[in-house]
Amino acid sequence: MDTTATCTLINSLLVDIHRSLLQYAAEAAPWASEEDEAAQNQLLSLAKDQEGSVEKMVCFLRSRKQLIDFGVYPQEYTSLHFVSLEYFLSRLKESQQGLLEELEAAVGQVAGDLEAVQLVEDAVTCNKELLRSLGEAKLASQA
């Protein structure tokens, strides 16, 4: 893959992470009872961890003097404003699984660029950990 194609792919991944459902949750938190405040705070913490991948991708693209597109959130997310945290978590797990699969596939696509490979592998590791943490997230009603 040539440098331009690699940068285009990295920017596409950046948009997918930066505009993920987890990032949306950090900006437009789903409704949660007081008992579920800990779970909601965990979501905010996970979103901050995920944002680290975006920051690394921005640095990568800037170092290669590329314009950066930060994208927009998908319109479908707006239908999730008034759902329970329990429902939102199930959708979030599905969304994160899809993002992880996309990142894993991208590792092979950037194989000729060691810096890009490391960048994408780091994002894979981060998102695997996020998915694991989401799998362990418990609401007060589930405890």
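The model is a predicted one, in which local features need pLDDT of at least 70 and side-chain atom pairs count only at pLDDT 80 or more, whereas totals for chains, interfaces and linings use all residues. Residues are numbered from 1 along each chain as its sequence is written, and side-chain values use heavy atoms, with hydrogens and water left out.

**Overall architecture**

- The protein contains 5 helices and 0 strands, where helices (H or I, at least four residues) and strands (E, at least two) are DSSP runs numbered from the N terminus.
- Read from the N terminus, the order of elements is α-α-α-α-α.
- The C-alpha trace spans about 50 × 25 × 20 Å along its principal axes.
- Of the contacts with a separation of 6 or more, 83% are between residues 24 or more positions apart, contact meaning heavy atoms within 4.5 Å.

**Surface and charge**

- Buried residues account for 45% of the 143 residues (buried is under 20% relative accessible area, exposed over 50%, partly exposed in between, with a 1.4 Å probe and protein chains only).
- The protein exposes about 7,700 Å², of which carbon and sulfur atoms supply 52%; accessible areas come from the Shrake-Rupley method with a 1.4 Å probe, and for residues only the protein chains shown count as cover.
- There are 11 positive and 23 negative side chains, and the centres of the two sets lie 4 Å apart.
- In that count Lys and Arg are positive and Asp and Glu negative, without His and the chain ends, and each charge is placed at NZ of Lys, CZ of Arg, CG of Asp or CD of Glu.

**Salt bridges**

- The whole structure holds 5 salt bridges, each defined as a side-chain nitrogen of Lys or Arg within 4 Å of a carboxyl oxygen of Asp or Glu.
- One of them joins Arg64 to Asp113, with the closest N and O atoms 2.5 Å apart.
- Arg64 lies in the loop between helix 3 (37–63) and helix 4 (85–109), and Asp113 in the loop between helix 4 and helix 5 (114–136), so this pair ties together parts 49 residues apart in sequence.
- Asp113 is buried, at 13% relative accessible area.
- Arg64 also forms a salt bridge with Glu115, at 3.1 Å from N to O.
- This second pair links the loop between helix 3 and helix 4 to helix 5, across 51 residues.
- Glu115 is partly exposed, with a relative accessible area of 44%.
- Shared partners join the salt bridges of Arg64, Asp113 and Glu115 into one network.

**Glu51**

- Glu51 belongs to helix 3 and counts as buried, at 19% relative accessibility.
- Apart from neighbours within four places in sequence, Glu51 is in contact with His18 and Gln23.
- Glu51 and Val110 are 59 residues apart in sequence, and their C-alpha atoms are 21 Å apart in space.
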